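Good morning, everyone, and thank you for coming. Please take a moment to look at the sequence and the structure before I walk through them.

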Amino acid sequence: MAQVTLNNVKKIYAGGVEAVKGVSFDIPDGGFCVLVGPSGCGKSTLLRMVAGLETISAGEVAIGSRVVNQVEPADRDIAMVFQNYALYPHMSVYDNMAYGLRNRGTPKDEIDKRVQEAARILAIEPFLQRRPRQLSGGQRQRVAMGRAIVRKPQVFLFDEPLSNLDAKLRVQMRVEIKKLQRALGVTAIYVTHDQVEAMTLSDKLVVMNGGQVEQIGVPSEVYRKPASRFVATFIGSPPMNLLPAKVDGHGIIALGDALLQARDLREDLATGTAVEVGLRPEDIEIASEGAAGSLPFDVEFIEELGATQLFHGQLAGKPFVMQAATGDVAAQAGRLWISVDPDKVHVFHAESGVRLGKA
Amino acid sequence: MQKYAHFKGLTIPLLLLLPQLMITVVFFYWPASQAVWQSFLLQDAFGISTEFVWFENYRDLFAKPEYYKALINTGIFSFFVALFSLSLALLFAVMADRQIRGAEVYKTLLIWPYAVAPAIAGVLWIFMFDPSLGMLARGLQSLGVNWNPRLNGNDAMTLVILAATWKQISYNFLFFLAGLQSIPKSVIEAAVIDGARPMRRFWTIVFPLLSPTTFFLLVVNLVYVFFDTFGIIDTVSGGGPSGATETLVYKVYSDGKGGTNLGGSAAQSVILLAMVIAMTAFQFRFIERKVTY
């Protein structure tokens, strides 16, 4: 077990394409770090650099106190779980798990002990003599996990391990991965494009976009105070509503004719500065018509989600979504008056998209 | 529910199959049945009288030591050609599979020999290894090797093996390269992280995963050596010296054309036919089971 430190890590491909543009963060010993972002944001490349499957163009990766830039993947003391499981198709489940130990010259009885133990933890004991193709997707996923845990590595690396599973199994395996990582206390780096996986698994969330880190923090903080417009729309489902607006004095935003209070707003902004105001669909409350700070919302149609309903429509001429518990609001098209708690109003710079919060 | 569209009746399917069936009948079934028929006949040297002799041609064949010699020659020839062409092709394919500069050019160049006709390939090798003209033969002689494939049976065999191997490497290379490229990259990466060094990775992961390809190529190569090497042997050695490079397929030709023993020649080709049918059946049986993953 060890902490992992990335210091200004870059990946520049031949031809000058910069896939990762200088990323720095560290993961404490036993921490669970999730790298999340859209496809092509460099998160997988970053993980592969930690694994040693890609060369590091610049910067440093350290596992424990050792800089591993020049260390072979096999000697980095890591284990990786791949998206397509990458099991050895011609070997039994037992041999798949034992392979890494055999390559390292582990004594036979020790191998057997560890494989049996991993099989017990993952409940794959009945399949030890089977070939991977005789297993279901979920079972293959467990074998891939087993192959990682028998090695007792310092760091687990997960490259979108759940994206080939169906939705139900994904939720189940997500919980198991988290439990397993807690129980073993091994530092983990997990790459995903799924923001639900990112929120639920991580104790440190790294949101990436275009080869750069947009925000690093604990999931609740990333959700409550997204550092940029990108993070605001990427984390949270349905995504945050964004509306063009202007600063109208200290802590006041003009949204069309209506004025909105925002508590987390820099105080040195000139009146009239163009901003974007972000309102999460789940933070919207119903107000009485014409009340101070209330906004007119024209509902066009309603999506039923069971426990909640999504109200789609227009606000100040822009598409807008509101989420409400089923039964709280009459489910019909027409005008509603809404308001938002000033603590839950997010303001971003209109051009750069940076959050304009208090220092 | 039916997955595919089905034709009703027989007319359309038969019409669609007809061109292929006609080619097969005219160029395969007809000559093959002629050979079977002829293998039961004995004809005098001038083709004036023909006699139906049942299995006498076969009996004669198995009574002659030359036939067993041709059988052994074929065994040695096919063993070495298959061994060399498969192992060299695999080596080249593994090298070409790496991400290196110039790999495309290298691959293209390796494929060229396959486009050379067997007789031309034979001529090329004669020139290189001709005891009085050949560059390589002179090189060997200057090293003190008494090289003369015209007189020495082993030299002649070596030469036909080299020529036949050279010709077959391209074909095997293509299949091995395709086989290598179909192994998922992540499986290899998993083995890297699992601490397998390149040689160990090759023998424990890559080679076993290539085994369906290898097995397929083995059968194809044997069939190649049995039949398609006729042109090479004919140009390089003509079966000589004194029958040292006479393989089964070459003997069919030399007995039938040179020896004018049409019945005996036909009997030999029937035996060859049976061998190929056996090999192909064996391949179909196994490639669909055991060896595939």
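Predicted model: local features only at pLDDT ≥ 70, side-chain atom pairs only at ≥ 80, totals over all residues.

Which domains does the domain assignment of chain A give? It gives domain 1, residues 4–230, and domain 2, residues 243–349, where the bounds come from an automatic or database domain assignment. The centres of domain 1 of chain A and domain 2 of chain A, taken over C-alpha atoms, are separated by 39 Å.

Residues are numbered from 1 along each chain as its sequence is written, while chains are lettered from A and ligands numbered from 1 in the order in which they are written.

Let me begin with a sheet. Four strands of chain A form an open sheet in the order β2-β1-β4-β5, with antiparallel pairing; its edge strands are β2 (18–27) and β5 (66–67), each of which pairs on one side only. Strands here are DSSP runs of E with at least two residues, and helices are runs of H or I with at least four, numbered from the N terminus; two strands pair if DSSP finds at least two bridges between them. Strand β4 (residues 58–63) of chain A and β5(A) pair over two bridges, and A:Ala62 stands opposite A:Val67 in β5(A).

Across β1 (4–12), β2 and β4 of chain A lies helix α1(A), which runs at about 115° to β1(A); axes are lines fitted to C-alpha atoms, for helices over the stretch in contact (C-beta atoms, placed from the backbone, within 7 Å), and angles run from 0 to 180 degrees between N-to-C directions.

Is helix α1 (residues 43–51) of chain A mostly covered or mostly uncovered? It is mostly covered, since eight of its nine residues are buried, among them A:Leu46 and A:Val50. A residue is buried if 20 or more other C-beta atoms lie within 10 Å of its own, exposed if 12 or fewer, and partly exposed in between, with C-beta atoms placed from the backbone.

Turning to strand β6 (residues 78–81) of chain A, A:Ile78 and A:Met80 point one way and A:Ala79 and A:Val81 the other, and all are buried. β6(A) pairs in the parallel sense with strand β7 (residues 155–159) of chain A over four bridges.

Finally, A:Ser228 counts as partly exposed because it has 18 C-beta neighbours inside 10 Å.

Conventions: Contact = placed C-beta atoms within 7 Å.
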